[in-house]
Amino acid sequence: MLEHAGRSLWEDTLPGGERVTILASTDDRIDVAVVGAGFTGLWTAWYLLQHDPSLRVTVFEREHVGFGASGRNGGWCSALLPMSLSTIAGRHGDAAAIRMQRAMHHTVREVGRFVDGHGEPSMLAAGGTIDVARSAPQAERLQREIAEFRRFGFGPEDYRWMERDEAVAICNATSVSGALHTPHCAAIHPLRLVHALARAVVAAGGTIREGVTVRSIAAGRLETSQGDIRADVIVRATEAYTVELAGERRAVLPIYSLMIATEPLPDDVWAEIGLDGRPTFADGRHMIIYGQRTHDGRFAFGGRGAPYHFGSRIDRKFDTDDRIGTLLFNSLRALFPMMGDAAVTHHWGGVLAAPRDWACGVRFDRRTGLATAGGYVGDGVATTNLAGRTLAALITDSTSDDDRELVRLPWVGHRSKRWEPEPFRWIGVNAGRTAALLADRSEARTGRPSRGWGGLVDVLIRR
């Protein structure tokens, strides 16, 4: 079925001239050691060097730049957060929730500015997002989302409902009755962006060391495959791979999200499908899907639904799943039957990190010099930029007005509880996955909201 099963579209379409060149280094004089050469680690290194070019910053990576979720994701640089505004407000107040969401809107633009200065225009398209409703229950859920944004003062310039004709003119999916639209998203080629960021870090004086396995992290010290390494500050930017560090098996939950990509589609087919301007797209089902029209005219389409593996196992053999790949293809063709028999050329996946309370956070302990950020639950492409700017402000103790605002955001200092031991987390997580599938099937069959299975999903992910 597939020409490149297990290899991502992004890897196969990364121009050779854009791949960062890593120079060998064994210099262990380090002020800040960053563990993980994905978006969180690289944004943090970049902004640290913007604050203080004299800092000796080294990023350590077990595999290669962009190996994890940063280089494999669906390419949504969005203002989405894994936790709702109501959840943030319940903990910190309405004003804090509004500031957090405004910061995410700004972050999408900040990533665009970085691409303007350090990347190539074709790696980003600021087309917003269209989330279509294809049933009455989906429309109800999406309109509830808009109502929540209105409650916090966000108007139609940020989030608005589109009636059917306007929605279909943008995204001609089947059975569309309306859509939620927001301009706060850009479609990106994630691996190109990762390498542009890595090149910028190196140009600013940072060092990246690939092929170094970090086994444990302690105050002032990394235990690695190349011996102990000392640093005044250590940033853990390992997201789902945190579970493979000593003592961190229950810190987050590694959840697999899988993708497919088609061959380039003809212009006349795109004329029928729409997606001009390359907005990212989804619909209002419980089992999350996400897609984009790529710069070279393909569909890149993904979704959840892969099983959680007992003991928080991460294994490259889980990066593909023929059954999930077929489900994704069938879902995509159900959305856009005009794609016909377009070949699926790539199928790949990877792990994202889910904290126990479904809330991302940023922390820095000046006493120990330990810092971390993560728990994005798949909403990390833009959020990592905000995390990197915030960590840089915290570590350098910046007093600029912008940085003072960053360190006051409500996710700073947030710490999630640890997940339950096995077999309880395996039972709970896979029960939630099954509930989402059953809720969608029930709604497709009855045309009514699934209060039972859908309610269970909301409870499990704390919506």
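## Basis

The model is predicted: local features need pLDDT of at least 70, side-chain atom pairs count only at pLDDT 80 or more, and totals for chains, interfaces and linings use all residues. Residues are numbered from 1 along each chain as its sequence is written, and side-chain values use heavy atoms, without hydrogens and water.

## Overall build

The chain has 13 helices and 21 strands (DSSP runs: H or I of at least four residues for helices, E of at least two for strands, numbered from the N terminus). Its radius of gyration is 21 Å, close to the 23 Å that the globule rule gives for 463 residues, so the chain is as compact as a globular protein of that length. The radius is taken over C-alpha atoms, and the rule is 2.2 Å times the number of residues to the power 0.38.

Of the 463 residues, 58% count as buried. Buried means under 20% relative accessible area, exposed over 50%, and partly exposed in between, with a 1.4 Å probe and protein chains only.

## Salt bridges

A search of the whole structure finds 28 salt bridges (a side-chain nitrogen of Lys or Arg within 4 Å of a carboxyl oxygen of Asp or Glu). R113 pairs with E110 at 3.2 Å. Both lie in helix α4, three residues apart. R113 is partly exposed at 42%; E110 is buried at 17%.

R144 and E140 meet at 3.0 Å. Both lie in helix α5, four residues apart. R367 and D365 form a salt bridge at 3.7 Å. R367 is exposed at 72%, and D365 is partly exposed at 31%. Elsewhere, shared partners join R62, E63, E244 and R316 into one salt-bridge network.
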